Amino acid sequence: MNPNQQKDELHQLVDALPEEKTGTARRLLELLLSDSSGVHPESSEERLELFERIIDCLPDATLAVDREGRVLVWNRVMEEMTRVKKEEILGKSEYAYAVPFFGKQRPILVNILLGNGNDWEQEYEKIERKGHILVGEGFAPFACGGRGLYFWTLVAPIYDDKGNLLGAVQCIRDIGERKRMEEELKRLSTRDALTGLYNRTFFEEELGRMEKSRSFPISLVLCDLDGLKIVNDMLGHEQGDELLRRAAKVIASSVRESDVVARVGGDEFAIILPQTGRETAEEVARRIIEVTERDAAQHPDLPLSLSVGAATAEDAARPLREVYKEADDAMYMNKLASVKDPRATVIRALKAALEEKDFHNTERMKEIACLLGEAVGLSREEMDNLRLLVDVHDIGKLAVPDSILLKPGPLTEEEWKEVRRHPEVGYRIALSSGELAPVAPYILQHHERWDGRGYPRGLRGEQIHLLSRILAIVDAYDAMTSERPYRRALAHEEALEELKRCARKQFDPHLMEIFVELLSGKKDAGAKVAPRLCGI
């Protein structure tokens, strides 16, 4: 190789570096290839010192070796990367420079370029040859004080003016941050962001791979989170997300680490069990249900409920898509056989969520409402709806800020507007949830008044549904006989007197007459204080 070719090749090497790192390298290159024109150090010692300073300023760790593998250059970044000073390593050979990177004496890329130890190429994640230059990536477990180092490296030969090979120079760059980003992107592409389980895309790919594998028998277990929609609608997506995370944890803890657990839908999970027969798959399904029940017992305010089904392909003759459908059918049958009631689950969670926002004694309210309902001859279905209405009539208050609901003083007009929205908000929530839709109209009407001055629609008299009229009386009685931030509870007799006073205005007079007769003579533990208006 003639000098001009050598210069061209070195220029190409510098041009291959990132833009922000070419400045120093170009200056070094100009010095190396110049005939001293433009640079006039007073002595060769000064010139050598300048070269060393430039090499130390290179942003990448840099070493150079001669043809025998003796270290000629070991810059400052290399010292930081290996914790080895150049005074300790210069002039050494026999792969001593590999020890700080790999914990043993072995060829590295600079040696491979010189023709030594080509069989070590497989130790790198990838190696690419670009003319006389080698570019590679790998991991050095002993670098950076034992922390390890993901690195990118470039090696170029060094020739004299006659084209004779003198040695090689190697630059090493820390790409740990890039690798972390790549791993995170890879993880995100295969994982569900909420639960950390595999996503549907990965599950589908794995299912296809399994069909071509030798892992038969293969079993599939499908799980469905019961009542997620109603939790999202009534309690918000944060509570729904918490249920999903708990479900994922329960399912993952019930299988082997080698099994594939994925979230394949909004409330659906699937498990691939390679080399697993039907009997073992059924045992896994039972274990998931048992762990779910233990979790539910630990979270009575928001209990977890899963429906589970399993199916098995004994050999490759049966498509796994068919097995998936069978497991899905088994899961649905489990849901029906268990007679699971997501409404009851959510109502318990709802009551817990409302405890900090409301002051009603719902159990007492249901008892009184049922007395009144029986007295007016409600059917069994109407009685069921009345009990449910008592439980959920104030779900719209979940959208009202605590600063308003718990305010100890009078509310401003704007704050009252916010409070008066809660029947409409509750109506929309109940209407969107199939289990609560039957009582949605009654939630909307429970603050209407007999005289038509209520809200939100200003209904009057028997335009207001009977269940809403019953609830209005029971709600007002409970409100007056319960402690509130703005007053103490009324005595039982005082509350009844206030209710009678409001009959024909706020309440159905016929219902009020029956209510007072039913509760006359009954005592309440509330303290006697002056009442607030019963339209609370």
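The legends below refer to a predicted model.

View 1. When residues up to four places away in sequence are not counted, T195 touches L244, A248, R263 and F269.

**View 2. The salt bridge between D56 and R76.** The closest N and O atoms of D56 and R76 are 4.0 Å apart, and the two residues form a salt bridge. Because D56 lies in helix 3 (residues 44–57) and R76 in helix 4 (residues 76–82), the pair ties together parts that are 20 residues apart in sequence. D56 is buried, its relative accessible area being 17%, whereas R76, at 46% relative accessibility, counts as partly exposed.

**View 3. The salt bridge between R318 and E326.** Here the side chains of R318 and E326 meet in a salt bridge with an N to O distance of 2.1 Å. E326 counts as partly exposed, at 26% relative accessibility.

**View 4. The salt bridge between E413 and R420.** E413 forms a salt bridge with R420, and the closest N and O atoms of this pair are 3.8 Å apart. With a relative accessible area of 33%, R420 is partly exposed.

**View 5. A network of salt bridges that includes E125 and R178.** The residues linked in this network of salt bridges are E125, K126, E137, R178, K179 and E182. For the whole structure, a search finds 37 salt bridges.

**View 6. The cysteines C171 and C223, with their relative accessibility.** C171 counts as buried at 17% relative accessibility, and C223 is likewise buried, with a relative accessible area of 0%. With a disulfide taken as a pair of cysteine sulfur atoms within 2.5 Å, the count of disulfides comes to zero.

Technical notes: Residues numbered from 1 in each chain as written. Predicted model: local features only at pLDDT ≥ 70, side-chain atom pairs only at ≥ 80, totals over all residues. Heavy atoms only, no water. Helix = DSSP H or I, 4+ residues; strand = E, 2+ residues; numbered from the N terminus. Buried < 20%, exposed > 50% of the residue type's maximum accessible area, 1.4 Å probe, protein only. Contact = heavy atoms within 4.5 Å.
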